[in-house]
Amino acid sequence: MSSIARTVIEIPINELKGVDHKFGRLTKFNMKNIPEKFKDEISKTREFCFEDIRPMCVIQSIGIKNITDEEVELEDGSVLHGTLPPVLLAESSEVIAFVTTLRKRNESVAAEDSMISEFFVDAWSSAIISSADSWLLNEIRRTMRKKGLFATISWCPGQNNFPMINQRNIFEILKPEELGVQLTKSYMISPVKSVAGIVGLARSEDTRRLNACNFCDLKDNCPSNKSDSCYLGNEFYEDIN
């Protein structure tokens, strides 16, 4: 029996942490010292996005049946491919699959009909989906801790040693189409402001401090020192001890 039945959650946007910080990183603005000519537009687009966007997610846990060097077989017959899942899930008894996305009330409307407004709306949306993903991971950690289980960090298809084909496996498990989320033939998610991934569940805490940067091929020569293009989902993990 899995610890988490398939569940659809609306993530409370006003509880998200780090949105302004991530927007600043994406746009290269110092959020404590925004140039005067951009203040109104940044404020206006932020308000627009927080009113327009509904972060949503679907999650489910499945027991792990077998682990080899290059795949993890789940109890429902699904298989996670790549050399990373066996490392991440080495001590786990279950894996949580999740898809997080943004629903918009005005899908075709930007805050203003201008390129700068569209740029800011896009950056706010990216910051919100990343922070929504962090909210979900922290909620998983808190909820599972009450059951005596410990969650690993999350990992997403496309990250090092976790091939994109795993997007299809996650979609087959969760069927997130009811949230308006689709998968293309090339394993890309639509809408683009969406994240799919996995988290392990174990009886003991993972003390290895795994993170994406440690497994990245560019870790020794990162072109921008924690590039803003890197995945930011684990950045705002809370201390729940």
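This is a predicted model: local features need pLDDT of at least 70, side-chain atom pairs count only at pLDDT 80 or more; totals for chains, interfaces and linings use all residues.

Student: What share of the residues counts as buried?

Tutor: Of the 241 residues in the chain, 46% count as buried. The accessible surface is about 12700 Å², and carbon and sulfur atoms account for 49% of that surface.

Student: How many of the contacts join residues at least 24 apart?

Tutor: Taking contacts between residues at least 6 apart in sequence, 80% join residues at least 24 apart.

Student: On to the core. Which residues touch the most other members of the largest nonpolar core?

Tutor: Leu16, Ile128 and Leu136 do, in a core of 37 residues. At least two core residues come from each of helix 1 (19-27), helix 2 (36-52), strand 2 (53-67), strand 5 (94-104), helix 4 (115-145) and strand 9 (194-202). Helix 4 gives the most, with 13 residues.

Student: What is isoleucine 128 in contact with, leaving aside neighbours within four places in sequence?

Tutor: With those left out, isoleucine 128 is in contact with Ile13, Leu16, Val19, Cys49, Phe50, Ile53, Pro55 and Leu102. A separate core of 26 residues lies apart from this one, and Ala97, Ile170, Ala196 and Ile198 are among its members.

Student: Back to helix 1. Which of its residues are buried, and what do they pack against?

Tutor: Val19, Lys22, Phe23, Gly24, Arg25 and Thr27 are buried in helix 1. They pack against helix 2 and helix 4.

Student: Where is asparagine 161, and what is its phi?

Tutor: Asparagine 161 is in the loop between strand 6 (150-155) and helix 5 (166-174). Phi there is near 60 degrees, again positive in a residue other than glycine. Asparagine 161 is partly exposed, at a relative accessible area of 38%.

Student: Changing topic: how many aromatic pairs are there?

Tutor: The structure holds six aromatic pairs. Phe23, Phe29, Phe38, Phe119, Phe120 and Trp124 make up one aromatic cluster. On a related point, arginine 46 lies over the face of phenylalanine 50, 4.3 Å from the ring centre.

Student: Now serines. Where is serine 125, and what is it in contact with?

Tutor: Serine 125 is in helix 4. At 1% relative accessibility, serine 125 counts as buried. Neighbours within four places in sequence aside, serine 125 is in contact with Cys49, Ile53, Leu102, Lys104 and Lys193.

Student: What about serine 78?

Tutor: Serine 78 lies in the loop between strand 3 (71-74) and strand 4 (79-81). Serine 78 is buried, with a relative accessible area of 13%. With neighbours within four places in sequence left aside, serine 78 is in contact with Val72, Glu73 and Ile173.

Student: Last one. Is the peptide bond from serine 190 to proline 191 cis or trans?

Tutor: The bond is cis, with omega near 0 degrees. Serine 190 lies in strand 8 (residues 189-190), and proline 191 is in the loop between strand 8 and strand 9.

Student: How exposed is serine 190, and what is it in contact with?

Tutor: At 37% relative accessibility, serine 190 counts as partly exposed. Neighbours within four places in sequence aside, serine 190 is in contact with Gly180, Val181 and Gln182. The C-alpha atoms of serine 190 and glycine 180 are separated by 8.3 Å.

Conventions. Residues are numbered from 1 along each chain as its sequence is written. Side-chain values use heavy atoms; hydrogens and water are left out. A nonpolar core is a set of buried Ala, Val, Leu, Ile, Met, Phe, Trp, Tyr and Cys residues joined through side-chain atoms within 4.5 Å. Buried means under 20% relative accessible area, exposed over 50%, partly exposed in between (1.4 Å probe, protein chains only). Helices (H or I, at least four residues) and strands (E, at least two) are DSSP runs, numbered from the N terminus. Contact means heavy atoms within 4.5 Å. Accessible areas come from the Shrake-Rupley method with a 1.4 Å probe; for residues, only the protein chains shown count as cover. Rings of Phe, Tyr and Trp (its six-membered ring) pair if their centres lie within 6.5 Å; planes under 30 degrees apart count as stacked, over 60 as edge-to-face and the rest as tilted. A charge sits over a ring if NZ of Lys or CZ of Arg is within 6 Å of the ring centre and within 35 degrees of the ring normal.
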